[in-house]
Amino acid sequence: MPDRADPAGTVAAHLDAWNAPEGPVRDGAVGAVYTDDVFVGEPDVAHRGHEGMSRAIAALHAQVPGAVLSRSGPIGTAQDLVTYAWTLGADGGPAVASGRDVLLLRDGRVAALYVLVDPAGDQG
């Protein structure tokens, strides 16, 4: 479970949820990592709740099959905010996208996720 005192653990649990295959492991991770009313703000769409989080993850996996999200920079924190840079690509392959996640924590879980995607050609 994410913990404000352990931002690296929060980020690792979040990335594990997004990298998990569809099924009970991903469902369990979503329930453990995110609040029931979690907000997901992506560039073109917003989702709410565990169902919305699951839809967002499934959409990424459908768009880029076999891709893995990896942290690509240091973790920054300020109070209940955690942020870091990421890359998306096949395991061990080149990045096909990069960006930054901003996580807002509440009671040790992620209450909001904002996904910022770098413009094409700026992959890390």
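**Notebook: loops, rings, helices and a pocket**

I started with Asp 107, which lies in the loop between strand 6 and strand 7. I kept in mind that this is a predicted model.

**Entry 1**

I looked up the backbone of Asp 107 and found a phi near 55 degrees, a positive value in a residue other than glycine. Is Asp 107 buried or exposed? Its relative accessibility is 74%, so Asp 107 counts as exposed.

Next I turned to Gln 79, in the loop between strand 4 (76-78) and strand 5. Gln 79 is not a glycine either, yet its phi is positive, at about 55 degrees. I noted Gln 79 as exposed too, with a relative accessible area of 61%.

**Entry 2: a pair of rings**

I searched for aromatic pairs and the count came to one. The pair is Phe 39 with Tyr 114, whose ring centres are 5.5 Å apart. How are the two rings set, stacked or tilted? Their planes meet at 50 degrees, so I wrote down "tilted"; stacked would need planes under 30 degrees apart, and edge-to-face over 60.

Then I checked where the partners sit. Phe 39 belongs to strand 1 (residues 34-41) and Tyr 114 to strand 7 (residues 109-117), so the pair ties together parts that are 75 residues apart in sequence. Phe 39 is buried, at 18% relative accessible area, because the cut-off for buried is under 20%. Tyr 114 has 36% and is partly exposed.

**Entry 3: two helices in contact**

I moved on to helix 1 (residues 7-19) and helix 3 (residues 49-63), which pack at an angle of about 60 degrees with their axes 9 Å apart. Which residues meet there? From helix 1 I listed Ala 17, Trp 18 and Asn 19; from helix 3, Met 53, Ala 56, Ile 57, Leu 60 and His 61. By class, this contact has six nonpolar residues, two polar and no charged.

**Entry 4: the largest pocket**

Last, I looked up the largest pocket, with a volume of about 420 Å³. Its lining has 20 residues, and the closest to its centre are Glu 42, Leu 60, Gln 63, Val 115 and Val 117.

How values were computed
Residues are numbered from 1 along each chain as its sequence is written. This is a predicted model: local features need pLDDT of at least 70, side-chain atom pairs count only at pLDDT 80 or more; totals for chains, interfaces and linings use all residues. Side-chain values use heavy atoms; hydrogens and water are left out. Axes are lines fitted to C-alpha atoms, for helices over the stretch in contact, and angles run from 0 to 180 degrees between N-to-C directions. Helices (H or I, at least four residues) and strands (E, at least two) are DSSP runs, numbered from the N terminus. Contact means heavy atoms within 4.5 Å. Ala, Val, Leu, Ile, Met, Phe, Trp, Tyr, Cys and Pro count as nonpolar, Asp, Glu, Lys and Arg as charged, and the others, Gly among them, as polar. Rings of Phe, Tyr and Trp (its six-membered ring) pair if their centres lie within 6.5 Å; planes under 30 degrees apart count as stacked, over 60 as edge-to-face and the rest as tilted. Buried means under 20% relative accessible area, exposed over 50%, partly exposed in between (1.4 Å probe, protein chains only). On a 1 Å grid over the protein atoms alone, a cavity is a set of points where a 1.4 Å probe fits but cannot get out, and a pocket is an open set with protein on both sides within 12 Å along at least five of seven lines; lining residues have an atom within 4 Å of a point. Grid points are joined across faces, edges and corners, and a volume is the space filled by probe spheres set on the points.
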